[in-house]
Amino acid sequence: MRTDRWEPAAFKARVDEVLRRFVAEEAEQFAGIDPLLGPVAGQLEEAVTHGKRLRAAFCYWGWRAVGQPDSDALVRAAASMELVHCAAVVHDDLIDDSPLRHGRPTAHVALRDVVRHRPHAPAAARSLAMLVGDLLMALAGQLFATSGLPAAYLARARPLWSVMARELIAGECLEILRTGAGPDTDASLKVIRYKTAKYTVEHPLLIGGALAGAGTRLREGYSSYGLPLGEAFQLRDDLLGLFGDPAHTGKANADDVEGHRPTALLAETWRLACDADRKRLSSLLGRPGVNTEALDDIRELMRALRAPDRIEDMIGARVEESLGALDQLNLPPHAAAALTALARSATDRLS
């Protein structure tokens, strides 16, 4: 019998094994259709190689906090949240034209070799990557439906999948529509909320709770805990995107700057800047091939304006709000301890 003590490494290993087996089997069947599909199938497996498995963990503890016991079937259902994330990552990297993820070429870059002798090879590689992301999302639903949980439990949670998909795609669309627009902190936070926060923390918790039969008060508490925590998670990601060590983050520091993305960090920098600083910033944002010197200029300006400190304050306030909501839920001690630890690990990180 497994212990109630939260052991992140052990849980991650369980989720990793579920994903490895499930996706390997699906990739084999996919590649079996035609040998040409082998490299595309390889990207399915590559997509699940990395990850902290936070989304699965929040789903798991959404279930456990209701009083339900540990369950291998629940771990399979929770692992489906990671396939949603993998699909979102492939699509996000494609939209942002990001070259690296976890220190390796992103799907649309890796697949260029497959089509390098064909006309319009980059566009063909991007199309293949888009389809990889689509298939990963479909596989998420399949893993959830075949997790082994009773059909009545799955039926309680299934409507939340539509909400999660709708809000995730709305967030991606808002980011595209806001990219290159005038910096606005409130608009950036709305992008964060829908693109990342909800599907990272709130929805996995709610789905785990729905599977377990959570009542209205607990579900509302999950949202009060999950939404500010999800925002804090992405705010930390924005800071790491520019100030983090690529050796830890596995991503290029220049991505947000070159893409002129609507991050709260850039919006706060703009809000705090004088006219001269804004002119300097405008000359660097959205410029392809930003070099190290230009990135250092932007970092210097941000530090001088104390914009990173402002983002740190926003992270701290949201974590405090999240943990305050958790304290009001009167959860079993092991669930409260696990969700507290997850709040810390989601926001105190190097990658």
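This is a predicted model: local features need pLDDT of at least 70, side-chain atom pairs count only at pLDDT 80 or more; totals for chains, interfaces and linings use all residues.
Trainee: Is Ile 33 buried or exposed?

Mentor: The cut-off for this class is a relative accessible area over 50%. Ile 33 has a relative accessibility of 64%, and therefore it counts as exposed.

Trainee: How far apart in space are Ile 33 and Lys 190?

Mentor: In sequence, Ile 33 and Lys 190 are 157 residues apart. In space, taken from C-alpha to C-alpha, the separation of Ile 33 and Lys 190 is 42 Å.

Trainee: Which residues of α2 are buried, and why do they line one face of the helix?

Mentor: In α2, which spans residues 38–47, the buried residues are Val 40, Ala 41, Gln 43 and Leu 44. Viewed down the axis of α2, these buried residues fall within an arc of 150 degrees, so they line one face of the helix. In general, an α-helix has 3.6 residues a turn, so residues three or four places apart point the same way. What covers the buried residues of α2 includes α1 (8–31), α5 (107–110) and α6 (121–145).

Trainee: How is α2 oriented relative to α6, and what is the make-up of their contact by class?

Mentor: The axes of α2 and α6 come within 10 Å and cross at roughly 55 degrees, which means that α2 is oblique to α6; the crossing is right-handed. On the α2 side the contact involves Val 40, Gln 43, Leu 44 and Ala 47, which meet Leu 128, Val 132, Leu 135 and Leu 136 in α6. By class, this contact of α2 with α6 has seven nonpolar, one polar and no charged residues.

Trainee: How do α4 and α8 run relative to each other, and how many charged residues does their contact have?

Mentor: The axes of α4 (residues 72–96) and α8 (residues 185–212) come within 11 Å and cross at roughly 160 degrees, so α4 is roughly antiparallel to α8, in a right-handed crossing. Residues in this contact include Met 81, His 85 and Asp 92 of α4, and Lys 195, Tyr 199 and Leu 211 of α8. By class, the contact of α4 with α8 has nine nonpolar residues, one polar residue and, as asked, three charged residues.

Key: Residues are numbered from 1 along each chain as its sequence is written. Side-chain values use heavy atoms; hydrogens and water are left out. Buried means under 20% relative accessible area, exposed over 50%, partly exposed in between (1.4 Å probe, protein chains only). Helices (H or I, at least four residues) and strands (E, at least two) are DSSP runs, numbered from the N terminus. The arc is that of the directions from the helix axis to the C-beta atoms. Contact means heavy atoms within 4.5 Å. Axes are lines fitted to C-alpha atoms, for helices over the stretch in contact, and angles run from 0 to 180 degrees between N-to-C directions. Angles under 35 degrees count as roughly parallel, over 145 as roughly antiparallel, 65 to 115 as roughly perpendicular and the rest as oblique. A crossing is left-handed if the near helix is turned anticlockwise from the far one by less than a right angle, and right-handed if clockwise. Ala, Val, Leu, Ile, Met, Phe, Trp, Tyr, Cys and Pro count as nonpolar, Asp, Glu, Lys and Arg as charged, and the others, Gly among them, as polar.
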